[in-house]
Amino acid sequence: IFAGVVLLAAPFAMRLMPKPVTFERAKFALEKAGMTVGDFQMAQTPGQRAAAEADCMVNGVTVNIYQFDNEGKIVSAMEYQKKDAGTAIVETMNLAANMGAAVHKETPSRAVRRGMFMLVATGEDKRMVERIASVFESM
């Protein structure tokens with residue numbers, strides 16, 4: 001009886017399991033969300049110590065998708081994308097402006113991870129950057 005239940009439930013369980021991330025699936029998810037994906041190409045030499053990298057423009061936002069082959073490398077790459085504590089303090093307390101220094105205008109950027117893939121979206125339109133990141137996270 002148990003084997004019969006397993007055989008009947010297996011097809012439904014397989015549909016519930018998340019599909020693995022691929023560069024093609026990421027591109028398809030962005031297009032399915034109504035975004036225009038242009039200049040999608042694989043990088044000859046991947047950055048961030050990744051095994052592979054795809055670069056593209058999505059609605060005016062630069063998008064880099066990295067595939068890692070090592071848990072340690074993706075963790076360090078995600079940490080690299082975060083603001084360091086000193087920069088966060090200077091920005092929060094508005095120290096640069098208070099001291100008369102030039103205020104650094106940072107281009108909005110967001111890094112998100114899904115499995116062994118990391119997407120970095122960078123562009124002037126912060127809402128689009130966030131939308132791209134949320135599509136990648138939920139695909």
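This is a predicted model: local features need pLDDT of at least 70, side-chain atom pairs count only at pLDDT 80 or more; totals for chains, interfaces and linings use all residues.

Guide: Strands (E, at least two residues) and helices (H or I, at least four) are DSSP runs, numbered from the N terminus, and two strands pair if DSSP finds at least two bridges between them. Residues are numbered from 1 along each chain as its sequence is written, and side-chain values use heavy atoms, without hydrogens or water.

Our part is strand β4, residues 109-114. This strand belongs to an open sheet of five strands with antiparallel pairing, whose order is β1-β2-β3-β5-β4. Both β4 and β1 (37-42) stand at the edges with a single partner strand each, and therefore one side of each has no neighbour in the sheet. On average, neighbouring strands here are turned by 15° against each other, direction ignored; axes are lines fitted to C-alpha atoms, for helices over the stretch in contact, and angles run from 0 to 180 degrees between N-to-C directions.

The partner of β4 is β5 (residues 117-122), which runs antiparallel to β4 and is joined to it by six bridges. Together, β4 and β5 form a hairpin with two residues between them, and in the turn Gly-115 has a positive phi of about 65°.

Helix α3 (residues 71-81) touches β4 and β5, and its direction makes about 160° with that of β4. Helix α6 (residues 126-138) touches β2 (52-58), β3 (61-67), β4 and β5, and makes about 0° with the direction of β4.

As for confidence, the chain has a mean pLDDT of 87, with 85% of its residues at 70 or more; confidence is highest in β3, at 98, and lowest in helix α1 (residues 2-16), at a mean of 66.

Key. Contact means heavy atoms within 4.5 Å. pLDDT is the predictor's confidence in each residue, from 0 to 100.
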